[in-house]
Every structure is written in structure tokens, then in C-alpha cells.
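The exercises below are meant to be worked with the sequence and the coordinates open side by side.

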Amino acid sequence: MTLFETSQVYASAQHCEIWDEAVTYEPVRNVVLAITRLLRSLEESADSDLWRERTQLMRRASRWMTTVPLPLSSVDLGLGEAGQQLTAWANRMREVLPEEMSEKLTSIGSALSWLGRDKSDPLGDCASEFVTLDEPGSRLVVLTDRRFSRAVTTAMARRGVSAHVGTYVDLQTSKVFSSAAVIGPPMWVPPSVLSAPRVRNLSLVHYQFFHQTTEVAPLFGEVFGAVTASTDVVREVQRSRPYEVGNAPGWQPPPRQDPEPAEELLSDAEYSPAAEILADLRHEQLRRTQAAVHEPLFRAQIASLADGSHVLLPLESIAWVLSVDPDAPPGRRVAHEVAASASPGQFLALRTRPHHQDLVDRADDLLGADAVRLRAVQSRWKRELRDRTLAHPRGIRGVADELRRLGAQTANVAYWTSIWCIKTRSRDDFGVVMRYLGRGAEAEQVWADLARIDSAHRRSGRSSVDRLEAALSPRNLDQLREAGWSKVRAEGAYGALVITRIDEFIPGIHQVPANALCTLLQPEEN
């Protein structure tokens, strides 16, 4: 950011007013509460094969009705269809499910079906009213999910409201808007949107059952320290009176249940932007446990990306990704980087399968007819080492200790048995491993075969960098600077790449299998 752009951000933040606009609509509150209680009561079984499809349906319905400013009857939200599916499944499973669970599911299905006929648009009403309060100017409606941008733009136009519909990224560029309505839970709003708002009047539009407190961090505090931040740009979020929407005709509230503490109604884990990713991880872990799969797990964080997708990045230096610097000189814009070093603001080139798999496929092309034999050699030593860890009372640590006692200088057994490893870094250490496996006489030949694979991977990696560098156009670079993401198809690439900026890391550390890392996790299309 230039000094001039910095001064613009400071001036905008200095005069910005931020309002917390809580919306109340009893039908939505009751349905979301009923879904939340049911999901909590299912506990781990919510991610089982029996329930997984239904719980995904309920999570998605809850998230969309609480974050998208469209009429509840909109086909884009699909609430009516979700209700019909849940009701039909509850009827089919009536003999299998406990009676109380069946009744709860049927009640939720009926309520969603009713909402699917309800033309009320509580979030849209509140957002459009706020952005039109001020004099005409550049207006912005911010969504958590860009897939609804077109539908919301159309819905706003039907109200006679002209506004750009975008995501948080639009409040992190150099453009300053006159008014903006940010839709969804305050806990999802990136801190930089509030500490350095590119808008004169900002409204946080959300249902009242999101009770998290919104705080504004000091402007430039992360760079210069909070002491140097001017008090002119640190202010309390102003609370508006609740925006109340009356119930539509025909609404029948469900039977009253025991009250639940309001602060426990919706939590980050249950309704975060990455809720479906976390659910998929839990389902995968449950499947692995039931199938007695013992593939190593790696610690990872979920990164939110500028295009609305996510990626799981490892905390250890075990995987590589392609990074892009749009402001670097030609020929130096693309590089291979350790995924663990990625940070907010950095651009990554990702696709819906791991970058490692692209390297493997290209390397196999280079290896030609020998690829199958060489991959079998690679797979065998790793499989045998992994079998030793499963048989050892102390697992990976026990095998590592034994290898060190046999003379290995390093014993990174978890990495050696992962999908990324081809061979150990040290030839001597590999000889120790082969002797440990009872195959010492084969060590030299196996090492030579693995060296061929390693060389092919290195050439494949250089080719990936060169192909992407050549594919970057001035239009791609402009899109990266303005929107934070761009889609690129490099020559010979296995599918299109999305170059996208890391906006933030979602709090929490997760244990995930290797094939889940460094893969573009895009929201499902409607």
C-alpha cells in the first residue's frame, strides 16, 4: 500500500461510523434453534454415514437463511426443498429412529417447508434500508459467500436499490464506499474490515441470536503497536435498536422447550464459514477409525481465501505450494514455497486436488515406461516402514528411536511414510532404514531408483513454475491486485488454477490426512 493509499484508509477509518444492526424474526430463530439442538444431541453420530447427508442439509439451510439477504422463499436458498427431503427421510426411517428424534426431524422439515413459502426477507429489508439512508453514492452489500452475488444483486434491484454485491475483499481494497451492509455473524468479520473500513457508514446486519461482541482493533496497531494508533480511529460499535420483522401469516411456533442460554445458541464451530469443511474432516476421521485406517495425520490450519474458498495448510514443513507475487518482475512472479510458511496477504495457486498430485502425474510422464516399476519400489519401502510403526508398541516414536540407535542421524518417520516423501535426505540414513527392514543388500539399487523419481519431481516442479509464469496475463495480474483472485489455465496443466489471496486463518488446529492438504476447498454450487 502506498503512502497516499494509506492516508486514504486513515481518513476513511477516522470518519466511519459502524452500526450493529440486529434483526429479529421469530420463525428463523425457532428453526435455527431447533436444528442447533438436534445437531448437538447427535454428537459424533452427526457425521456418521446414516446422518451425514441430513446434517449437511440442516447446517447449510441454517447458514444460508442467516447469512444471505434473499426472500426465504427464494429457490436459491432451497429451504422448501430441504424441508421436503428431511420430512421424507424421517418418514422412511420412522421404524429405525427413536420416536423423539423422528418427531424433531419431522418438525424441522415442516418448519423449513413453511419458510420455503415465506416471502419475508428480514436481512434484505434491513440491509437495503441502511444503505439507502445516506445520500446516493457507492453502496456495497457484503456477503460471506460470493455464489449468491448475482441473486442478491437482482433482489436489490427489484427493491429499487442500486448496490454492488461482493465479499469482505471489497472492503479491503483502495476504493472507498459511501455505505456498506455486511451480512452475517459479527464473529466472521475480518478484523481489518473494522479497523480500516473503506466506507463512511458501515452496518453489521445479523440476526439477534448471534450475540458475540464486536470490537474494533486500533488502526495500524499490528504494524506500529497499539500505543501509536490514534484514538480518532478507535471507537465503539454503535448498537441500533433491534430491527423487528413481524411473523408472516400462518406461522405456528413449535412447542416451547426449556430455555437455552443465549450465548450458547450459535458458536463458531457450529456456524463458521468453514463448518462444512470441519464436518467433512470429522466424517473422514470417523470413517478411518471404523475401517482401521492408520494413515498418518498432520496438524493444519484452515485459511480463508479471497475467492470465497478455503485451504488446509500444514503447520510442519512437509508440503509445497505454488505462490504468486503479482508485483514481482516478469520471470520471478511464481515460486515453489513451503506451505507452512504461507501467511495472510500471500497469493497461492491452487486447484481442487493437491499440487503434489500434479507433480506426481508430470513426473510419471517424464519417467515413461519405468514409472509403474519405480513407483512400486517407492511404495514398498514406505509401506514396510509404516507396517513397522503399526506393529511397534510405541508407534512412530518407537521406530524412530530404534533407527537412531542403529545409526540414523535423522528419523523423520512420520514424513517418510507420508505421500510426499520419495526418499530420505541422507543416503546413509536410507541405508539404516533398509537394514532395519531386513533389505540392506538392496539399499544401493533402491536408492538409485528413488533418485530417478526425485529428479523427475524436481523437473516437474520447475515445469509447473515456468508454465504458470507464462500463463499469467496483465489481466490476471490486475484481477489479483483488485479482487484478490483470478483463474488461470496454464499450458499442459491438469485443470484450471485459481490464484487467490490468503485473507485470514480461522482459529483452531486440526489433525488431517495428507490428501486434504493444499487443496482448494470450494463451496458446493447451487
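**Exercise 1. Overall make-up**

What percentage of the 526 residues in the protein chain do buried residues make up?

Solution. The model is a predicted one, and within it buried residues make up 52% of the 526 residues of the protein chain. As a next step, assign the secondary structure, which gives 18 helices and 14 strands for the chain. Finally, take the contacts in the chain with a separation of 6 or more, of which 72% are between residues 24 or more positions apart.

**Exercise 2. The largest nonpolar core**

Determine which residues of the largest nonpolar core touch the most other members, and list the contacts of Leu-171.

Solution. The largest nonpolar core has 77 residues, and those touching the most other members are Met-65, Leu-105, Leu-112, Val-152, Leu-171 and Leu-202. Turning to Leu-171, and not counting residues up to four places away in sequence, one finds that Leu-171 touches Leu-140, Val-142, Phe-177, Ala-180, Val-182, Val-193, Ala-196, Arg-198, Val-199 and Leu-202.

**Exercise 3. The geometry and burial of helix H13**

Compare the span of helix H13 with the expected value, then work out where its buried residues lie around the axis.

Solution. Helix H13 covers residues 371-391, 21 residues in number, and its first and last C-alpha atoms are 30 Å apart, close to the 30 Å expected at 1.5 Å a residue. The buried residues of H13 are Ala-371, Leu-374, Arg-375, Val-377, Gln-378, Trp-381, Lys-382, Leu-385 and Thr-389. Viewed down the axis of H13, these buried residues fall within an arc of 160°, and therefore they line one face of the helix. The face turned away from that buried side carries the exposed residues Val-372 and Ala-391. What covers the buried residues of H13 includes helices H12 (355-367), H14 (395-405), H15 (413-416), H16 (427-436) and H17 (443-471).

**Exercise 4. Aromatic pairs**

How many aromatic pairs does the structure hold, and which parts of the chain does the pair of Trp-64 and Phe-148 tie together?

Solution. The structure holds six aromatic pairs. For Trp-64 and Phe-148, the ring centres are 5.1 Å apart and the planes stand at 80°, which is over the 60 degrees required, so this pair is edge-to-face. Because Trp-64 lies in helix H3 (residues 52-67) and Phe-148 in the loop between strand S2 (139-142) and helix H7 (149-158), the pair ties together parts that are 84 residues apart in sequence. Trp-64 is buried at a relative accessible area of 9%, and Phe-148 is buried at 1%.

Another edge-to-face pair is formed by Trp-381 and Phe-430, with 5.3 Å from centre to centre and 85° between the planes. Since Trp-381 lies in helix H13 and Phe-430 in helix H16, this pair ties together parts that are 49 residues apart in sequence. Both Trp-381 and Phe-430 are buried, and ring pairs link Trp-381, Phe-430 and Trp-447 into a cluster.

**Exercise 5. Cysteines**

Solution. Cys-518 lies in the segment after strand S14 (497-513), and its phi is near 60°, a positive value in a residue other than glycine.

Key
Residues numbered from 1 in each chain as written. Predicted model: local features only at pLDDT ≥ 70, side-chain atom pairs only at ≥ 80, totals over all residues. Heavy atoms only, no water. Core = buried A, V, L, I, M, F, W, Y, C linked by side-chain atoms within 4.5 Å. Buried < 20%, exposed > 50% of the residue type's maximum accessible area, 1.4 Å probe, protein only. Contact = heavy atoms within 4.5 Å. Helix = DSSP H or I, 4+ residues; strand = E, 2+ residues; numbered from the N terminus. Expected span 1.5 Å × (residues − 1). Arc of directions from axis to C-beta. Phe/Tyr/Trp six-rings, centres within 6.5 Å; stacked < 30°, edge-to-face > 60°.
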